[in-house]
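Here is a short report on one protein chain. Look at the sequence and the fold before reading on.

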Amino acid sequence: MSPPVFGHGHLRLYLLSVLDERDMHGYEIIQAISDRFGGTYVPSAGTIYPRLAKLEAEGLVTKADADGRRTVYSLTDAGRAELDARRAELDSIEEGVGDSVRRLADEVRASVSDAMASLRAELAAAAREARDETRGAARAAADAARDARGTPSAPDAPPASSTPPSGTTEVRSESRAQLARAEALLADFRQEVRADLRRAIAAGRPLDAAAVDALAAALSTLRAEVSEGLR
């Protein structure tokens, strides 16, 4: 299990530092923390609002309705005083945030890499199977055409007739079936990876540009390997 992003009591102090910038409503606070993490960590509402309520009960934060719809949170004088008194501790928390960002980014990259390895194996196996079946069907069609003519010819030589043998239809039908299978695998992969990434973000795990770049590179490599296998 991955260690928590914040140590015990650290998120409480971090919230004070966020509200020290300006007054914010709940979603803005969540977004501000996500921005500080470069999008690699998005705290849930269930994580933020109970802590805001506790800070309010301690007199460190106050809230007021804005536009009759949203509740805006503000830092009180007592909250600023505590924040000033714990600046050294806040600096240490900021250093830990940097470590958390790197760790979470590594986890997403590893998850994407594992998914790509699995897809690469599936598609490579499908390509080999399709290639072998197509070649076998082509040889069978050529043999049937030679038998029908009663004329011997070299092994694997294409039929001399310009009319496609009956086996050609079977070969094309098999190719279409394998194409449909490959497309289904790609569709399943897209849905599974998308679900994995959404779950990771919802759980506060990272998705940074480096992880997406790694996915793009892996997909490019996989496409080249599949194309080579179909030649």
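Helix α1 is mostly covered, with 8 of its 10 residues buried. Buried here means under 20% relative accessible area, exposed means over 50%, and partly exposed lies in between (1.4 Å probe, protein chains only). The buried residues of α1 are L11, L13, Y14, L15, L16, S17, V18 and L19. Across the protein, buried residues make up 30% of the 231 residues.

The model is predicted: local features need pLDDT of at least 70, side-chain atom pairs count only at pLDDT 80 or more, and totals for chains, interfaces and linings use all residues. Residues are numbered from 1 along each chain as its sequence is written, and side-chain values use heavy atoms, with hydrogens and water left out.

**Overall layout**

The protein holds 7 helices and 3 strands. Helices (H or I, at least four residues) and strands (E, at least two) are DSSP runs, numbered from the N terminus. Along the sequence the pattern reads α-β-α-α-β-β-α-α-α-α. Contact means heavy atoms within 4.5 Å. Among contacts between residues at least 6 apart in sequence, 65% join residues at least 24 apart.

**α1 against α3**

Helix α1 (residues 10–19) and helix α3 (residues 45–57) have axes that come within 10 Å and cross at roughly 80°. Axes are lines fitted to C-alpha atoms, for helices over the stretch in contact, and angles run from 0 to 180 degrees between N-to-C directions. α1 and α3 are therefore roughly perpendicular to each other. Under 35 degrees counts as roughly parallel, over 145 as roughly antiparallel, 65 to 115 as roughly perpendicular and the rest as oblique.

From α1, L11, R12, L15, L16 and L19 meet T47, I48, R51, L52 and L55 of α3. The residues of this contact divide into 7 nonpolar, 1 polar and 2 charged. Ala, Val, Leu, Ile, Met, Phe, Trp, Tyr, Cys and Pro count as nonpolar, Asp, Glu, Lys and Arg as charged, and the others, Gly among them, as polar.

**A charge over a ring**

The charged end of R36 sits over the ring of Y14, 5.0 Å from its centre. The rule asks for NZ of Lys or CZ of Arg within 6 Å of the ring centre and within 35 degrees of the ring normal.

**Two single residues**

H25 touches R70, T71, V72 and Y73, not counting residues up to four places away in sequence. The C-alpha atoms of S175 and A130 are separated by 6.8 Å, and these residues lie 45 apart along the chain.
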